[in-house]
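Welcome, and please have a look at the model shown below. The report that follows walks through a few of its parts.

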Amino acid sequence: MEESRFINPFTEFGFKRIFGQEINKDLTIDFLNLLLDGERHIADLTIKNPEMQPEREDERLVVFDLYCESDDGTKFIVEMQAARQSFFLDRSLYYQSRAVIAQGEKGKEWDYSLQPVYGIFFMDFTMPGCSGLRTDVALMDMKTGKVFNPKLRQIYLEMPRFTKEAHECENDFERWLYLIKNMKMLKRMPFKAQRAVWDKLLEVADVSSLNEEEKAQYHRALKNYRDYHNVMATARQEGREEGLKEGEEIGRKEGRKEGREEGREEGRKETILQNARNLKQLGVSITIIAEATGLSEEEILQL
């Protein structure tokens, strides 16, 4: 397979190289300001440690793709989710909640004043419940529809729903989305010389600009990305076939409609287990498998 000129931002390495480095924070600031145009303006950012240590031994370590803080104290969690995951909405809320709780100060003097926490989630798949390409979520009064507490915000971006070609992009935010979605397939960088940020992105994302160690890291991340998608594509097809077969068999005994539903559910469960087995055999870490499948680490270790 011919190597793409630009890195794949849906890999862990690619995403963090573009958005997760202090030296490239001007790219992150530009994207966030376009995303939040009319709501918030960021003058400067600090890229924070993406690992949030648990407060108790029995709590899980939280590792963000990107965790940063603006000059006014606002926190931003930015995640790139390349594959569908069970309970993804719950996971995103849990991650944000940890960033809220971490602001707590010990002692009697703290008055519970909090800085806003934004969760921004790129998804390389569509998800039930989302309203389209961009879904904005806030704590609001259900009667009036007005924001009740602005301290918790979520923005979900379903990248498969962005279908515009380069010449159809109407603003710089759409140009960002186009580049993120299509970068791994581009032979040249569109929009070059229109803005300094595109020239910077060209420099940062060009595979030829990586040193040998970085190339090795990227190729490992790219292999995991491709292996995962190949496994998932095969598993989806096998799951459909197994689910239909089991559904038809149960349907003959208990009713065709109920049988198909139960058969599909059994097929889905077996598909998840088989996906975990395959990923484990490929050497993917237990933590990543757990996040991707919704299984516990103990269940994975027993496979």
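In this report, a contact means heavy atoms within 4.5 Å.

## About the model

This is a predicted model, in which local features need pLDDT of at least 70 and side-chain atom pairs count only at pLDDT 80 or more, while totals for chains, interfaces and linings use all residues. Residues are numbered from 1 along each chain as its sequence is written, and side-chain values use heavy atoms, with hydrogens and water left out.

## The chain as a whole

The chain has nine helices and eight strands. Of the 303 residues, 43% are buried; here buried means under 20% relative accessible area, exposed means over 50%, and partly exposed is in between, with a 1.4 Å probe and protein chains only. If we take contacts between residues at least 6 apart in sequence, 58% of them join residues at least 24 apart.

Let us start with Thr-11, which sits in the segment before α1. Thr-11 has a relative accessible area of 2%, so it is buried. Beyond its neighbours within four places in sequence, Thr-11 touches Tyr-218, Ala-221, Leu-222 and Tyr-225. A polar atom of the Thr-11 side chain also lies 3.0 Å from the backbone nitrogen of Gly-14. Such a polar contact is a pair of N or O atoms within 3.5 Å; within protein, one must be able to donate a hydrogen and the other to accept it, and residues adjacent in sequence count only if both atoms are side-chain atoms.

Ser-4 is also placed in the segment before α1 (12-19). Ser-4 counts as partly exposed because its relative accessibility is 23%. Its side chain reaches the backbone oxygen of Lys-184 at 2.4 Å. Leaving aside neighbours within four places in sequence, Ser-4 is in contact with Lys-184 and Val-207. The C-alpha atoms of Ser-4 and Met-183 are 8.7 Å from each other, although 179 residues separate the two along the chain.

## Helix α4 and its cover

How many of the eleven residues of α4 are buried? Nine of them are, so that the helix is mostly covered. The buried set consists of Phe-173, Glu-174, Arg-175, Trp-176, Leu-177, Tyr-178, Leu-179, Ile-180 and Asn-182. Where α4 starts, a side-chain oxygen of Asn-171 comes within 3.2 Å of the backbone nitrogen of Phe-173.

The axes of α2 (residues 25-35) and α4 (residues 172-182) come within 9 Å and cross at roughly 125 degrees. That makes α2 oblique to α4. Axes are lines fitted to C-alpha atoms, for helices over the stretch in contact, and angles run from 0 to 180 degrees between N-to-C directions. Angles under 35 degrees count as roughly parallel, over 145 as roughly antiparallel, 65 to 115 as roughly perpendicular and the rest as oblique. From α2, Leu-27, Asp-30, Phe-31, Leu-34 and Leu-35 meet Asp-172, Phe-173, Trp-176, Leu-177 and Ile-180 of α4.

With helix α5 (residues 196-205), α4 packs at an angle of about 10 degrees, the axes being 12 Å apart. This makes α4 roughly parallel to α5. Asp-172, Arg-175, Trp-176 and Leu-179 of α4 make the contact with Val-197, Trp-198 and Leu-201 of α5.

Notes: Helix = DSSP H or I, 4+ residues; strand = E, 2+ residues; numbered from the N terminus.
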